[in-house]
Amino acid sequence: MSKVKYYYDPDTLSYRKIEPKKSKRYRNIFLFLLGSALFGFLGLIILLNTRWVNTPKELSLEREVRNYELQYDILNRKMDQMEQVLANIEERDNNIYRLYFEANPIPEEQRRAGFGGINRYKDLEGFNNSEIIIDATKRLDIIQKGMVIQSKSLDEIAKLAEEKEKLLASIPAIQPVSNEDLTRMASGYGWRSDPFTKARKMHWGMDFTAPRGSPIYATGDGKVVRADNRSSGYGKHVRIDHGYGYISLYGHMSKYNVTVGQKVKRGDLIGFVGSTGRSQAPHVHYEVFKDGERINPINFYYGSLSAEEFDNMLRLANQENQSLD
């Protein structure tokens, strides 16, 4: 109960009760309501904050979850790299190694076939992250199966290699120009700009620039079947039949060092760099044929280049620039 206040009235010589003004009463009521609202709002904020502030155990679990997410991301990246490396090996296996030895390529369906029969991943079902775990396990299983198939294929290739030493010596496997004489690998196999017409045109070989008169070497054992300038555009050129369906061509020579019918070994001097025929500058235009079809010579330098040199050549060969012939 609020205290009652009085004041002394000198006119009546008595004490009178002080009556509070209505405006002050309303002000007090307003302040009370305002204060109540503020305290209520603060209470709500505190209540919400207690939900946002995690306990030490919750913080520990969050850190553990983030660590699992990080490890899963790292695992995914590693599997991506493994899949890329395996795909590269499989491509080389089908298009180079097995082609060398005239073995049938392994069908893509066989390499990528799934696992039939019972559900191999039943034990991984029923967990919060079962889908992620099963997906990662499936990818690892497919990679493992691909590696097993590839391992067996390489065993087969190794056996064929032992039986076909003569074939390995015959396959074009080195650059036609040595690195000491090579100025640069000017243009690769693929669509290029024609140096004379500037039109986009298929370039069927690789251009190696070198000073005029630089030696040109046979890239594999074989027999010289042409050494003339009667083929349009190539100028003075040499063709070597390596057997097993392989033929190599060396164009724009300044002169020959072999005659038709002559047998040569890999690395033998067969001619010299020039700019005869349809040529813009001194270089050797080099092509490889397999069973009458032109194929990319970039796949045939395992005998003369280091891994770093091959990577650099591959990068230059893939540039869509202007050829020299």
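These notes walk through a predicted model of one chain, from its overall make-up to a few residues in strand β13.

1. **Overall make-up.** The chain holds six helices and 14 strands. It has 325 residues, and buried residues make up 33% of them.

2. **Contacts along the sequence.** Take the contacts between residues at least 6 apart in sequence. Of these, 65% join residues at least 24 apart.

3. **The annotated region.** An unreviewed UniProt entry places a "coiled-coil region" at residues 58-92. In the model, this stretch is 100% helix and 0% strand. Its end C-alpha atoms lie 51 Å apart.

4. **The nonpolar core.** The largest nonpolar core has 27 residues. Phe208, Val238, Ile240, Tyr250 and Ile270 have the most contacts inside it. Which elements give two or more residues to this core? They are β6 (206-209), β8 (222-228), β9 (236-243), β10 (246-256), β12 (269-273) and β13.

5. **Ile270.** This residue is one of those with the most contacts inside the core. Leaving aside residues up to four places away in sequence, Ile270 touches Val238, Ile240 and Tyr250, among others. Its partners also include Ile216, Tyr217, Ala218, Met253 and Tyr256. Asn257, Val258 and Val264 are on the list too.

6. **The aromatic pair.** A search of the whole structure finds one aromatic pair. The ring centres of Tyr250 and Tyr286 are 5.4 Å apart, and the planes stand at 40°, so the pair is tilted. Tyr250 lies in strand β10 and Tyr286 in strand β13, so the pair ties together parts that are 36 residues apart in sequence. Are these two residues buried or exposed? Tyr250 is buried, with a relative accessible area of 0%. Tyr286 is buried as well, at 0% relative accessibility.

7. **His283.** Strand β13 covers residues 283-290, and His283 lies in it. The relative accessible area of His283 is 0%, so this residue counts as buried. What lies 2.7 Å from a polar atom of the His283 side chain? The backbone oxygen of Ala281 does.

8. **His285.** This histidine lies in strand β13. Buried means under 20% relative accessible area. His285 is at 3%, so it counts as buried. Its side chain makes a polar contact of 2.7 Å with the side chain of Glu287.

Methods. Residues numbered from 1 in each chain as written. Predicted model: local features only at pLDDT ≥ 70, side-chain atom pairs only at ≥ 80, totals over all residues. Heavy atoms only, no water. Helix = DSSP H or I, 4+ residues; strand = E, 2+ residues; numbered from the N terminus. Buried < 20%, exposed > 50% of the residue type's maximum accessible area, 1.4 Å probe, protein only. Polar contact = N/O pair within 3.5 Å; in protein donor to acceptor, adjacent residues only side chain to side chain. UniProt positions renumbered as here; feature names shortened; annotations may be inferred. Core = buried A, V, L, I, M, F, W, Y, C linked by side-chain atoms within 4.5 Å. Contact = heavy atoms within 4.5 Å. Phe/Tyr/Trp six-rings, centres within 6.5 Å; stacked < 30°, edge-to-face > 60°.
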